[in-house]
Amino acid sequence: QVQLVESGGGLVQAGGSLRLSCEASGIIVSVNTMGWYRQVPGNKRELVASITSDDTTNYPDSVKGRFTISRDNAKNTVYLQMNSLKPEDTAVYYCNAELYLGGLRSYSYWGQGTQVTVSS
């Protein structure tokens, strides 16, 4: 069974840091683009950071310079280092990965979500 398991969320004061991890497990041939999204109740899920299989990264302006995404291909794991956190970063953070399991195409998988709360 293929799944993404996240860890590392929690409560932090404004200006603090957190590191999220997400491991893809199961019978996986290869992992393509991996990313982190976040969602606040009542809002759409938004991209926080993405990283391709050749380590090309993408960030929205809201987190650029504060968040860093990285991956360990040997562990099928993606990380999100979040620094200088702001109260507006409070959300449920979801991991996403495009996984190739064999066959004709890759499929998009989501983690269960981890809560990040930044207090002012």
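Mentor: A polar contact is a pair of N or O atoms within 3.5 Å, and within protein one of them must be able to donate a hydrogen and the other to accept it. The model here is predicted.

Trainee: Why is the link between the side chains of Arg38 and Asp89 called a polar contact?

Mentor: The side chains of Arg38 and Asp89 are joined at 2.9 Å. The limit is 3.5 Å, so a pair at that separation qualifies.

Trainee: How do you know whether Arg38 is buried or exposed?

Mentor: The relative accessible area of Arg38 is 7%. Buried means under 20%, so Arg38 is buried. Arg38 lies in strand E4.

Trainee: And what makes Asp89 count as buried?

Mentor: Asp89 has 1% relative accessibility, which is under the 20% limit, so the word applies. Asp89 is located in a loop, the one between E8 and strand E9 (91-100).

Trainee: Which residues does Asp89 touch, not counting those up to four places away in sequence?

Mentor: Asp89 touches Arg38, Arg66, Phe67, Ser84, Val116 and Val118. With its own sequence neighbours within four places left aside, Arg38 has contacts that include Glu46, Val48, Ser62, Phe67, Asp89 and Tyr93.

Trainee: Ser62 is in a loop too, between E6 and E7. Why is Ser62 called partly exposed?

Mentor: Its relative accessibility is 40%. Partly exposed covers what lies between the buried limit of 20% and the exposed limit of 50%, so Ser62 belongs there.

Trainee: What makes E9 largely enclosed by the rest of the structure?

Mentor: Of the 10 residues of E9, 7 are buried, so the strand is described that way.

Trainee: How do you know that E9 pairs with E4?

Mentor: Two strands pair if there are at least two bridges between them. E4 (residues 30-39) and E9 have 8 bridges, in the antiparallel sense, so they pair. Within this pairing, Tyr37 stands opposite Tyr94 of E9.

Trainee: How many bridges join E9 to E10, and how many join E9 to E11?

Mentor: E9 and E10 (residues 106-110) run antiparallel and are joined by 5 bridges. Leu99 has Tyr107 in E10 as its bridge partner. E9 and E11 (residues 114-119), antiparallel again, are joined by 3 bridges. There, Ala91 is partnered with Val116 in E11.

Trainee: What lies between E9 and E10 in their hairpin?

Mentor: There are 5 residues between them, and Gly102 in the turn has a positive phi of about 110°.

Trainee: What makes phi of Asp55 worth a remark?

Mentor: Most residues other than glycine have a negative phi. Phi of Asp55 is near 70°, a positive value, and Asp55 is not glycine. Asp55 is found in the loop between strand E5 (46-51) and strand E6 (57-58). Phi of Asn76 is also positive, near 50°, and Asn76 lies in the loop between strand E7 (67-72) and strand E8 (77-82).

Trainee: Which residues have the most contacts inside the largest nonpolar core?

Mentor: They are Trp36, Leu80, Met82 and Tyr93, in a core of 29 residues. The largest share of this core, 5 residues, comes from E9. Apart from neighbours within four places in sequence, Tyr93 is in contact with residues including Trp36, Arg38, Leu80, Met82 and Val116.

Trainee: How many helices and strands does the chain have?

Mentor: The chain has 0 helices and 11 strands.

Trainee: Why is the chain called as compact as a globular protein of that length?

Mentor: Its radius of gyration is 14 Å, and the globule rule gives 14 Å for 120 residues, so the description holds. Its C-alpha trace spans about 50 × 25 × 25 Å along the principal axes, and 38% of the 120 residues count as buried.

Technical notes:
Residues are numbered from 1 along each chain as its sequence is written. This is a predicted model: local features need pLDDT of at least 70, side-chain atom pairs count only at pLDDT 80 or more; totals for chains, interfaces and linings use all residues. Side-chain values use heavy atoms; hydrogens and water are left out. Helices (H or I, at least four residues) and strands (E, at least two) are DSSP runs, numbered from the N terminus. Buried means under 20% relative accessible area, exposed over 50%, partly exposed in between (1.4 Å probe, protein chains only). Contact means heavy atoms within 4.5 Å. The radius of gyration is taken over C-alpha atoms; the globule rule is 2.2 Å times the number of residues to the power 0.38. A nonpolar core is a set of buried Ala, Val, Leu, Ile, Met, Phe, Trp, Tyr and Cys residues joined through side-chain atoms within 4.5 Å.
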